[in-house]
Amino acid sequence: MYGSVPADTTAESERTAFRNAEKRYKLYKAPARRSNRKKSSIKEVDLSDVFDFRAILEAYERGGEIPDGVFRFECSGFHRRVFCFDDRPGFYFIPSALTVQEQGHWIRESLTTFPQPPNRTNHTATYGPIFDLFKAVQNQEVLTEDETSANLECEHIPVDNFHVAQRFIFSEASAIIHKEKACKPIAASLLLRKLRWSTLGLQFDWSKRNYDVTLHHNKIPDSLCLLAKKMASPAMPSGEEFKPEAAIVNYFGPSDMLGGHLDDMEADWSKPIVSISLGCKAIFLLGGKSREDLPVAMFLRSGDIVLMAGQARECFHGIPRIFTDKEHAEVSTLFSQFSGGEDSCFRDYVANSRININIRQVN
């Protein structure tokens, strides 16, 4: 489901409605002109049908009308505006839910803390536990196989059902130039660009599409739990409190997308998934219970939060595109949160990436 999607040669008439929508909004690059072979231009896409909830919020607060098919959801004690679709029960959109300062905090956590073992990432299967990836990027280090394979500090860290030694460590690039290695060293910056997901709390097994309770894990950080509980309240059954038990953090590069899928591995669909958007703006597609149902498209900006509960949990959804060009990415305000001398790596990452934190109640 995740990653760059190969070319689709299927005739438009044979594709599902959801797939046609993905094709419509996907990032395409026009061939470079002969006079400038190194540069290619991005094909323009008609965005006139994409719902813009931040614009809807601004219009509403000025006394304007809400578009047909959308209504404001009233939630006692919840002090942010919430919007819903008439025909998508269980879906809640909270535009500008996080302040710029909060966004900066969770971007830092997503890059420095959330990929730390025992949390698993898409790199874990290949390299085992990798510590301090972002710090290694800041120090311009490379990942290399440990010659001794006897790193005593990390030898007894449970990564899965076994106590696995740390096989790969970060080193200064200059320190390994003249040493032969069984595995070619890899720049930490490249590993960060190839980071696609990390799992917090109960660990999700992507191959089996379920939660493996036997895998060693830490609880979700208290501060993230508190945020999720507060933001989940519009979608919670009366008198119940959201209990965050697991989170999947997705990392999107410039040409990445998340194909249409269902989040159906949790036991109780009446409890929402709390989805936090950070970084570059994206398009989100919300379909129906069949891929043949025409999806509705909307913008997701940094600081927006989406809740999906009940019937909405049965709806196909995905991210066909993120915007990384200066005109549409809308991340300039985030740069103020990374203005320190050591923050250049954060700024570089935010400039053309998106992070999505999905918090779930499993049981």
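Is Asp263 buried or exposed? With a relative accessibility of 14%, Asp263 counts as buried, where buried means under 20% relative accessible area and exposed over 50%, with partly exposed in between (1.4 Å probe, protein chains only). The model is predicted, so that local features need pLDDT of at least 70 and side-chain atom pairs count only at pLDDT 80 or more, while totals for chains, interfaces and linings use all residues. Residues are numbered from 1 along each chain as its sequence is written, and side-chain values use heavy atoms, with hydrogens and water left out.

**Annotated site**

- An unreviewed UniProt entry carries the annotation "binding site" for His261, Asp263 and His317; UniProt positions follow the numbering used here, feature names are shortened, and annotations may be inferred rather than shown by experiment.
- These residues are spread over 57 residues of sequence yet cluster in space, with a largest C-alpha distance of 8.9 Å.
- His261, Asp263 and His317 all belong to the lining of the largest pocket (on a 1 Å grid over the protein atoms alone, a pocket is an open set of points with protein on both sides within 12 Å along at least five of seven lines, and lining residues have an atom within 4 Å of a point).

**Asp263 and His317**

- Asp263 is placed in the loop between β14 (258-261) and β15 (273-279), whereas His317 lies in strand β19 (residues 317-322); helices (H or I, at least four residues) and strands (E, at least two) are DSSP runs numbered from the N terminus.
- His317 is also buried, at a relative accessible area of 6%.
- The side chains of Asp263 and His317 are joined by a polar contact of 2.8 Å (a pair of N or O atoms within 3.5 Å; within protein, one must be able to donate a hydrogen and the other to accept it, and residues adjacent in sequence count only if both atoms are side-chain atoms).
- Leaving aside residues up to four places away in sequence, Asp263 touches Ile273, Arg313, His317 and Arg360, contact meaning heavy atoms within 4.5 Å.
- With that exclusion, the residues touched by His317 include Phe18, Phe284 and Met308.

**Helix α2**

- Phe53, Ile56, Leu57 and Ala59 are buried in helix α2 (residues 53-61).
- Viewed down the axis of α2, its buried residues fall within an arc of 165°, so they line one face of the helix; the arc is that of the directions from the helix axis to the C-beta atoms.
- The cover over these buried residues includes β3 (70-72), β4 (83-85), β5 (91-94) and β17 (296-300).
- Asp52 caps the N-terminal end of α2, with a side-chain oxygen 3.3 Å from the backbone nitrogen of Arg54.

Conventions:
1 Å grid on protein atoms, 1.4 Å probe; cavity = no way out; pocket = protein on both sides within 12 Å on 5 of 7 lines; lining within 4 Å.
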